[in-house]
Amino acid sequence: SGRVVTFSNGETSSAKLVGFTIQNGSAQRGGGINCNNTSPTISNCQFLNNAASQNGGKGGGISNSGSSPTVTDCIFIGNSAGDGGGISNISESSPTLMNCTFYNNSGFGDGIFNNNGSNPIVTNCIFWGTNDQIENSGATPIITYSNVQQSSGIYSGTGNINADPLFVDAANGDYSLLDYSPAIGAG
């Protein structure tokens with residue numbers, strides 16, 4: 001009946017959260033994880049069905065405020081928020097995201113919302129679902145070698161594509177890629 005994890009004591013990259021399932025959290029900011037002026041390392045985690053919907057909440061999976069965590073090999077599925085269903089970066093937050101999958105999240109920026117000088121570095125990630133996956137307001141993220149769903153065109157950045165990633169069986173939780181997925185060899 002609240003947020004699952006909080007980083008708020010100036011944690012650095014030596015603070016590590018590895019291999020956890022962060023599920024069913026609910027808060028105004030960061031239903032799964034709230035990072036406030038920290039830069040932890042988060043890897044091999046699953047963010048499932050977390051919500052930040054109270055009063056136009058920020059970051060269903062993760063909310064970053066003045067924070068720059070490193071997030072690798074994580075999956076964000078079914079999270080929701082007013083802004084940033086998967087992740088919301090506010091107040092000069094610039095996380096590094098690598099090898100992450102965002103699927104069926106919902107919010108303004110289903111995958112990620114970046115605001116107010118937040119400039120994440122995103123490499124080799126998949127953003128897929130129903131709407132435009134990345135939304136920016138006063139932010140300039142660097143997105144490369146990623147599959148980003150948009151209503152039209154390809155998200156700007158080196159090596160990006162906009163094509164159905166062809167998950168093996170997303171309906172039953174298998175987000176590995178079919179042998180002929182356009183994302184294989186594209187990262």
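First, the ground rules. The model is predicted: local features need pLDDT of at least 70, side-chain atom pairs count only at pLDDT 80 or more, and totals for chains, interfaces and linings use all residues. Residues are numbered from 1 along each chain as its sequence is written, and side-chain values use heavy atoms, with hydrogens and water left out.

Let's start with the strands. Strands here are DSSP runs of E, at least two residues long, numbered from the N terminus. Two strands pair if DSSP finds at least two bridges between them. In general, strands of a sheet pair through backbone hydrogen bonds, either parallel or antiparallel.

Now the open sheet. It has 6 strands, in the order β3-β6-β10-β14-β18-β21, and the pairing is parallel. Which strands stand at the edges? They are β3, residues 21-23, and β21, residues 147-148. Each has a single partner strand, so one side of each is left without a neighbour in the sheet. At the β21 end, 2 bridges join it to β18, residues 126-128. There, Ile 126 has Asn 147 as its bridge partner.

Go on from β21 and you reach Gln 149, in the loop between β21 and β22. Buried or exposed? Gln 149 is buried, at 13% relative accessible area. For the cut-offs, buried is under 20%, exposed is over 50%, and partly exposed is in between, with a 1.4 Å probe and protein chains only. Contact means heavy atoms within 4.5 Å. Beyond four places in sequence, the contacts of Gln 149 include Phe 127, Trp 128, Asp 132 and Asn 162.

Strand β12, residues 87-90, pairs with β16 over 3 bridges. Strand β19, residues 134-137, pairs with β16 over 4 bridges. Look at Phe 113 in β16. Ser 88 stands opposite Phe 113, and Phe 113 stands opposite Glu 135 in β19.

Next, the cores. A nonpolar core is a set of buried Ala, Val, Leu, Ile, Met, Phe, Trp, Tyr and Cys residues joined through side-chain atoms within 4.5 Å. In soluble globular proteins, nonpolar side chains tend to be buried together. The largest core here has 25 residues, and Ile 33, Ile 42 and Phe 47 touch the most other members. Two or more residues come from each of β1 (5-7) and β4 (33-36). Apart from this core lies another, of 9 residues, among them Leu 48, Ile 77, Tyr 103 and Tyr 175.

On to the largest pocket. A pocket is an open set of points on a 1 Å grid over the protein atoms alone, where a 1.4 Å probe fits, with protein on both sides within 12 Å along at least five of seven lines; lining residues have an atom within 4 Å of a point. How many residues line the largest pocket? There are 16, with Asn 124, Cys 125, Ile 126, Leu 177 and Ala 183 nearest its centre.

Last, the loops. Asn 49 sits between β6 and β7. Its phi is near 55°, a positive value in a residue other than glycine. Asn 49 is partly exposed, at 43%. Ser 91, between β12 and β13, also has phi near 55°. Ser 91 is partly exposed, at 34%. In that loop too is Ser 94, partly exposed at 25%. Ser 94 touches Ser 67 and Asn 119, among others.
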